[in-house]
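Q: I have a model open and want to learn to read it. Can we go through it feature by feature?
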Amino acid sequence: MSGERPPGGDLPPGGDLPPEGGSHRAKTFALAITGASGALYAVRTMAALLERECHLEVVISDYGKRLLHDELGEGASVNRLREYLVGKYGDAASRGTFTVLSNKDLGATIASGSHDCDAMVVVPCSMKTLAGIAHGLSRNLVERAADVMLKEKRRLVIVPREAPMSLPQLKNMVLCAEAGAMILPAMPAFYQMPKTLDDLADFMAGKILSALGFDQDLYPKWNG
């Protein structure tokens with residue numbers, strides 16, 4: 001579904017607006033992609049939420065844009081994300097809608113606590129972004145939107161990807177956890193016997209779905 005661009009929103013080709021009218025409001029999530037390795041985790045999470053008919057307000061940092069290009073190829077560039085997701089994950093990825101917002105736009109929808117946004121995921125989360133969230137810097141839209149989630153007591157899921165981690169980075173994760181965020185490191189398991197990189201991405205996306213309150217079927221649950 002397409003429509004006019006909302007105030008403060010950049011609507012690329014393939015982006016959409018949330019459905020209007022009716023009593024049912026699609027769940028709305030902010031999804032941030034920053035410059036830590038793990039682009040596959042980001043697009044799998046995005047596709048999984050779209051499959052569940054959610055509306056996503058997507059913010060991609062400059063290094064996040066480079067990450068998509070370097071790890072997934074030119075086809076995953078910002079203005080081709082819809083086509084990429086449907087091509088890789090099937091038509092189910094077109095059930096939901098998404099809008100891409102500029103990371104420089106601190107007046108965008110998700111910068112305000114009055115906006116109806118159910119939760120936020122930062123996947124993957126760079127150590128620079130982690131530090132900005134931990135210290136409430138709000139230098140850009142990703143950091144500001146995360147700060148909004150914390151101050152409004154809404155779910156914020158941070159998926160850091162770094163190895164090894166320095167003491168300041170570990171302390172920043174503790175600060176975020178103490179403020180109310182869920183720290184969900186990009187650490188896929190192997191008990192589900194993964195055979196491909198996509199299997200590992202399914203595991204992480206499934207963990208994120210569970211953190212957001214969804215039942216997930218992207219990987220088998222541990223049965224003992």
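Q: How many helices and strands are there in the protein chain?
A: Helices (H or I, at least four residues) and strands (E, at least two) are DSSP runs, numbered from the N terminus. The protein chain has seven helices and seven strands. From the N terminus on, their order is β-β-α-β-α-α-β-β-α-α-β-α-β-α. A word on the source: this is a predicted model, where local features need pLDDT of at least 70 and side-chain atom pairs count only at pLDDT 80 or more, while totals for chains, interfaces and linings use all residues. Residues are numbered from 1 along each chain as its sequence is written, and side-chain values use heavy atoms, with hydrogens and water left out.

Q: What percentage of the residues of the protein chain count as buried?
A: Buried means under 20% relative accessible area, exposed over 50%, and partly exposed in between (1.4 Å probe, protein chains only). Of the 224 residues, 51% count as buried.

Q: Which residues of α4 are buried?
A: They are M127, T129, L130, G132, I133 and A134. That is six of the eight residues of helix α4 (residues 127-134), so the helix is largely enclosed by the rest of the structure. The buried residues pack against β5 (119-125), α5 (141-151), β6 (155-160) and α6 (167-179). Contact here means heavy atoms within 4.5 Å. After α4 comes G136, with a positive phi near 60 degrees.

Q: Which residues touch the most other members in the largest nonpolar core?
A: A nonpolar core is a set of buried Ala, Val, Leu, Ile, Met, Phe, Trp, Tyr and Cys residues joined through side-chain atoms within 4.5 Å. The largest has 47 residues, and M46, L49, L56, L85, V159 and L212 touch the most other members. Helix α1 (residues 39-51) gives the most to this core, with 10 residues. Take L49: leaving aside neighbours within four places in sequence, L49 contacts F29, L31, C54, L56, L209, L212 and F214. A second, separate core of 27 residues includes A111, L141, V148 and C176.

Q: At what angle do the axes of α1 and α7 cross?
A: Axes are lines fitted to C-alpha atoms, for helices over the stretch in contact, and angles run from 0 to 180 degrees between N-to-C directions. The axes of α1 and α7 cross at roughly 55 degrees and come within 8 Å. That makes α1 oblique to α7. Under 35 degrees counts as roughly parallel, over 145 as roughly antiparallel, 65 to 115 as roughly perpendicular, and the rest as oblique.

Q: Is the crossing of α1 and α7 left-handed or right-handed?
A: A crossing is left-handed if the near helix is turned anticlockwise from the far one by less than a right angle, and right-handed if clockwise. α1 passes α7 in a right-handed crossing. Among the residues that meet are L40, Y41 and R44 in α1, and L197, D198 and L200 in α7.

Q: How many aromatic pairs does the structure hold?
A: Rings of Phe, Tyr and Trp (its six-membered ring) pair if their centres lie within 6.5 Å; planes under 30 degrees apart count as stacked, over 60 as edge-to-face and the rest as tilted. The structure holds four aromatic pairs. In one of them, the rings of Y191 and F203 have centres 6.1 Å apart and planes at 85 degrees, so the pair is edge-to-face. Y191 lies in the loop between β7 (182-183) and α7 (197-211), and F203 in helix α7, 12 residues apart. Y191 is partly exposed at 36%, whereas F203 is buried at 4%.

Q: How do Y191 and W222 pair, and which cluster do ring pairs form?
A: Y191 and W222 are edge-to-face, 5.3 Å centre to centre with 70 degrees between the planes. W222 is exposed at 59%. Ring pairs link Y191, F203, Y219 and W222 into a cluster.
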